[in-house]
Structures are given as structure tokens and as C-alpha cells.
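Hi there,

Here is the structure I promised to pass on. Have a look at it first, and then read my notes below.

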Amino acid sequence: MTNSENIRPIETTESPSVSGEYRVPAWYSALKIAEYLLLAAAIASFWLTFSVPQNQKLLISFAGFITSFIFVFLLEKQAWSDIKMKLNQAELLTKSKIQSSMLETAEDSTSTIIFVARTRALKYCQDLITDYQKTRRNSRNIYYMSQISTIILSGITPILVVVERLDSGPVWFKWLPVIFPAVAAIVSSIVTSFPFQENWIEANKIVELLEAEQEKFVLGISPAYRCYDIAETTKRQTKAKQSIENFITQVNNIHLKQIQQPSSEKADVETASANSEINSTQIA
């Protein structure tokens with residue numbers, strides 16, 4: 001390897017080593033364990049609060065545990081976000097070095113520029129993959145939670161109706177057969193109005209395409225990216241620059257196709273509507 005190993009195109013507070021190795025810190029596991037323990041303590045204190053009514057100490061303990069859990073939960077999410085960013089950066093550096101080891105020789109004078117450009121291209125693709133992964137995860141979780149909530153609320157409603165007719169329990173219990181179906185209807189309407197399932201499937205498809213294209217670029221297994229087997233240094237460097245350009249173009253095509261798809265569907269609907277109106281006028 002040339003002096004390109006000393007280049008760090010992605011700067012962070014604690015940048016991973018140029019070897020691309022980065023491990024999850026041990027304190028993160030302790031933070032995760034503390035989060036689970038606080039959640040268990042909050043659930044136990046909540047149960048005891050209802051089992052032993054009018055106990056102020058249990059109520060204060062529950063408030064303290066739930067507050068501590070929320071604080072640790074938010075802290076853990078932020079810590080994991082930072083750790084995941086560093087893991088991605090280390091992985092990008094490793095992927096850049098895989099192709100660099102195939103390209104660079106002692107006579108390569110522009111290897112550093114190619115290394116930096118390749119790393120920036122991989123970072124751009126990885127940022128898109130991360131965004132689509134977040135969209136996929138959020139849409140999938142919302143869809144599953146809404147479906148499970150609708151099933152549970154709809155299934156509990158007949159039981160609540162039967163219990164309510166037995167005239168047992170507090171007064172507020174009689175409102176549950178009305179509240180639960182209303183909540184189930186609202187959740188079902190939200191799922192119907194917003195295409196969470198379609199967004200999840202589409203985002204998953206884009207993630208798979210981008211990851212496949214990234215691996216093709218890293219390993220140089222397609223004609224557009226294969227440049228390590230060229231013997232002449234000048235031609236190899238030219239082909240390496242062209243492969244970076246081809247990679248960025250292909251990534252943009254995948255991304256822009258997803259962005260322009262809703263507009264295309266809307267245009268198709270408008271065109272179909274206009275043709276329908278023209279046909280109706282001709283028939284009249």
C-alpha cells in the first residue's frame with residue numbers, strides 16, 4: 001500500500017483506525033443491561049402500586065424508575081447511533097482498501113486521489129442505504145404494530161361487552177367496549193390512508209439494489225467496475241476513475257427512480273383521467 005493509508009477522508013471525533021477495525025465499546029453493553037433492569041424495576045413497581053393502593057413510596061419509586069428508564073433509553077439510542085456511524089465508517093474504509101490493494105503499485109502517483117474519491121463514493125452510497133434502512137424499519141414497525149393493535153382491540157371487544165353486561169367492575173370499565181372499537185377503527189384507518197406496507201417493501205428493494213451495486217463496485221466483478229486486471233498503470237488509473245463515475249451514476253439512477261416513481265404514477269393517473277374525459281366527450 002502507498003501513503004494513501006494515512007488519508008482519512010471521513011473525520012470523526014474518534015476516527016476508526018485505518019485498518020477498518022472498530023469494536024463496540026464494553027460500556028455500551030453495561031448501558032443496555034442497565035436499561036433492561038430499570039424497565040423491569042418500573043414494571044414491578046407499577047404492579048405493586050396497584051396491588052397495594054394508597055402507598056406513596058411505591059408510587060414515587062415507580063415514577064423514579066420510569067424516569068430513569070426513559071433517560072437511559074434515550075442515552076442508549078444516541079450512543080448506538082454514534083457507534084453505528086463509526087462502524088459504517090470503518091466498513092467503508094475496509095471496502096475502499098479491498099479495491100485499493102488490487103489497484104495500487106509503487107509507481108501509482110494518483111492512488112491517493114483515487115482512494116479518497118472511492119471512499120467518498122462509497123460513503124454517498126452508504127448514506128442512501130442508511131436512509132432507506134431507516135424508512136424500511138419505521139414503516140415495517142408501524143405496519144406490524146398497527147395490525148397487531150387492531151387484532152387485539154377487535155378480539156378483546158366482545159369479551160368486554162360480555163363482562164359489561166354482568167354489571168361487575170367499576171363504572172369506567174363500562175366505557176371500554178366503546179373505546180376499544182373506536183381506537184381499532186382509528187388505527188385501521190391510519191394504516192389504510194398511509195401506505196406503510198408499500199413503503200416498507202419499496203425501501204427494502206432499494207436497499208437490496210444499492211447493497212448489491214456497492215459490492216459489485218468494491219469487488220470489481222462487473223465490466224463497468226473491473227480495472228484491477230489492467231497491466232498498464234495509466235490505463236488502470238483511467239479505468240479506476242471511470243469506474244467511480246459509473247458507480248455514482250448507477251447509484252443515482254437507483255435513487256432517482258425511487259424518488260420519481262410517485263410523480264410518474266401521479267402523471268399516469270392524470271393521463272388516464274384525461275383520456276377518460278376525452279372518450280366520454282367523444283361518446284356524447
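**Salt bridges**

A search of the whole structure finds four salt bridges, a salt bridge being a side-chain nitrogen of Lys or Arg within 4 Å of a carboxyl oxygen of Asp or Glu. Please keep in mind that this is a predicted model, in which local features need pLDDT of at least 70 and side-chain atom pairs count only at pLDDT 80 or more, while totals for chains, interfaces and linings use all residues. Residues are numbered from 1 along each chain as its sequence is written, and side-chain values use heavy atoms, with hydrogens and water left out.

Let me begin with glutamate 35 and lysine 32, which form a salt bridge whose closest N and O atoms are 3.8 Å apart. The two are separated by about one helical turn, because they sit three residues apart in helix α1 (residues 26-51). Helices here are DSSP runs (H or I, at least four residues), numbered from the N terminus. Glutamate 35 counts as buried, at 5% relative accessibility, whereas lysine 32 is partly exposed, with a relative accessible area of 22%. For those words, buried means under 20% relative accessible area, exposed over 50%, and partly exposed in between (1.4 Å probe, protein chains only). Salt bridges also link Lys32, Glu35 and Glu76 in a network.

In helix α3 (residues 111-165), the side chains of lysine 123 and aspartate 127 meet in a salt bridge of 3.2 Å, N to O. These two lie four residues apart, about one turn of the helix. Lysine 123 is partly exposed at 23%, and aspartate 127 is partly exposed at 36%.

Lysine 205 and glutamate 202 form another salt bridge, with 3.1 Å between the closest N and O atoms. About one helical turn separates them, because they are three residues apart in helix α5 (residues 196-219). Lysine 205 is partly exposed, with a relative accessible area of 43%, but glutamate 202 counts as buried at 17%.

**Aromatic rings**

The structure holds 10 aromatic pairs. One of them joins phenylalanine 217 and tyrosine 225 edge-to-face, at 5.5 Å centre to centre and 85° between the planes. Rings of Phe, Tyr and Trp (its six-membered ring) pair if their centres lie within 6.5 Å; planes under 30 degrees apart count as stacked, over 60 as edge-to-face and the rest as tilted. Both phenylalanine 217 and tyrosine 225 are buried. Elsewhere, ring pairs link Trp27, Tyr28 and Trp80 into a cluster.

**A histidine and a surface patch**

Which residues does histidine 255 touch, not counting those up to four places away in sequence? The answer is Leu128 and Tyr132, where contact means heavy atoms within 4.5 Å. Histidine 255 belongs to helix α6 (residues 233-283) and is buried, with a relative accessible area of 17%. From histidine 255 to leucine 128 there are 127 residues in sequence, yet 7.9 Å in space, C-alpha to C-alpha.

Finally, Tyr144, Ile148, Ile152 and Ile156 make a nonpolar surface patch of about 350 Å². Patches are made of residues with over 30% relative accessible area and no salt bridge; like charges are joined within 9 Å, and nonpolar side chains (Val, Leu, Ile, Met, Phe, Trp, Tyr) within 5 Å. Tyrosine 144 is found in helix α3 and counts as partly exposed at 41% relative accessibility.

Best wishes

Note on methods:
Areas by Shrake-Rupley, 256 points an atom, 1.4 Å probe, with all protein chains shown as cover.
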